[in-house]
Amino acid sequence: LVPGLADENTEFYTSEERIVAKNTVGVLLKPEYRVGTITLWVAMLSILFANYLLSTWMPSVAKASGMDMGHWALVGATFQIGGVFGNFFVGMVMDRIEHHKVLAGAVILGGIFAAILAQMHLTLGSMVPLVFLIGITVSCVSTGLFALAAHTYPTEVRATGVSWSAGIGRLGSITGSGSGALILGLNFAPSAIFMFALIPLAVSAAAIIIKGIKQPSYSR
């Protein structure tokens, strides 16, 4: 930061404990990180499951409700636009309020909006504002969990911890997209997708709350 401030004789110190391990992935499951790792994986997998279930099948729900193709596209785009606002919003809020509270609260709000939508007569006017709010709350959580993962591990295993959380989460995005076809194939009403999304949302909220209690952050 300041040219000439340090030279070859300068010594640097850190409060972090030196981690020496051949298998850095194994470090993620050491007793001091195990709860944080498992809850992060569960939260990331379940929130991306819900996110992709909703985003992939939202246009099909609109179609089944009698809307035309332009309205299907509008509903799908509204979810993604909400995600853009949510991603900007979550960072600013997490800088001011404890991370786990922000993310758990966002998941719970997203579940409430999805439950309301599942009980309503679906029209363009009822779907667009609620889909926008679901996009804000649900989409922002996956982004916030990346920041939470970085805050969970010490420097030497931080990249590994974040990468594994992201990889586990992608399993949720794959299965979430495919599960919509299974739901409709079992002859459930398309709007039931909103109710089924409550299950992974509840799991994600529970995992975030447990992590906040058991391992709020990396302890130096």
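Reader: In which helix does Ser-46 lie?
Author: This is a predicted model. In it, Ser-46 falls within residues 31-64. That stretch is helix 2.

Reader: Is Ser-46 buried or exposed?
Author: The relative accessible area of Ser-46 is 5%. Buried means under 20%. Ser-46 is therefore buried.

Reader: Which backbone oxygen does the side chain of Ser-46 reach?
Author: Ser-46 touches Pro-200, Val-203 and Ser-204, leaving aside residues up to four places away in sequence. Its side chain also reaches a backbone oxygen at 3.2 Å. That oxygen belongs to Ala-43.

Reader: Is Ser-173 buried or exposed?
Author: Ser-173 lies in helix 6, residues 155-185. Its relative accessibility is 6%. The cut-off for buried is under 20%. Ser-173 therefore counts as buried.

Reader: Which backbone oxygen does the side chain of Ser-173 reach?
Author: Ser-173 touches Leu-48, Phe-49 and Tyr-52, not counting residues up to four places away in sequence. Its side chain reaches a backbone oxygen at 2.7 Å. The residue that carries this oxygen is Arg-170.

Reader: Which residues does Met-127 touch?
Author: Residues up to four places away in sequence are not counted here. The contacts include Met-58, Val-61, Ala-62 and Met-67.

Reader: How many residues apart are Trp-41 and Trp-164?
Author: The structure holds four aromatic pairs. Trp-41 and Trp-164 form a stacked one, with 5.7 Å centre to centre and 25° between the planes. Trp-41 sits in helix 2 and Trp-164 in helix 6, so the pair links distant parts of the chain, 123 residues apart.

Reader: Is Trp-164 buried or partly exposed?
Author: Trp-41 is buried, at a relative accessible area of 17%. Trp-164 has 37% relative accessibility. Buried needs under 20% and exposed over 50%. Trp-164 therefore counts as partly exposed.

Reader: Why is the pair of Phe-85 and Phe-132 edge-to-face?
Author: Phe-85 lies in helix 3 and Phe-132 in helix 5. Their ring centres are 5.8 Å apart. Planes over 60 degrees apart count as edge-to-face. The pair is edge-to-face because its planes are at 70°.

Notes: Residues are numbered from 1 along each chain as its sequence is written. This is a predicted model: local features need pLDDT of at least 70, side-chain atom pairs count only at pLDDT 80 or more; totals for chains, interfaces and linings use all residues. Side-chain values use heavy atoms; hydrogens and water are left out. Helices (H or I, at least four residues) and strands (E, at least two) are DSSP runs, numbered from the N terminus. Buried means under 20% relative accessible area, exposed over 50%, partly exposed in between (1.4 Å probe, protein chains only). A polar contact is a pair of N or O atoms within 3.5 Å; within protein, one must be able to donate a hydrogen and the other to accept it, and residues adjacent in sequence count only if both atoms are side-chain atoms. Contact means heavy atoms within 4.5 Å. Rings of Phe, Tyr and Trp (its six-membered ring) pair if their centres lie within 6.5 Å; planes under 30 degrees apart count as stacked, over 60 as edge-to-face and the rest as tilted.
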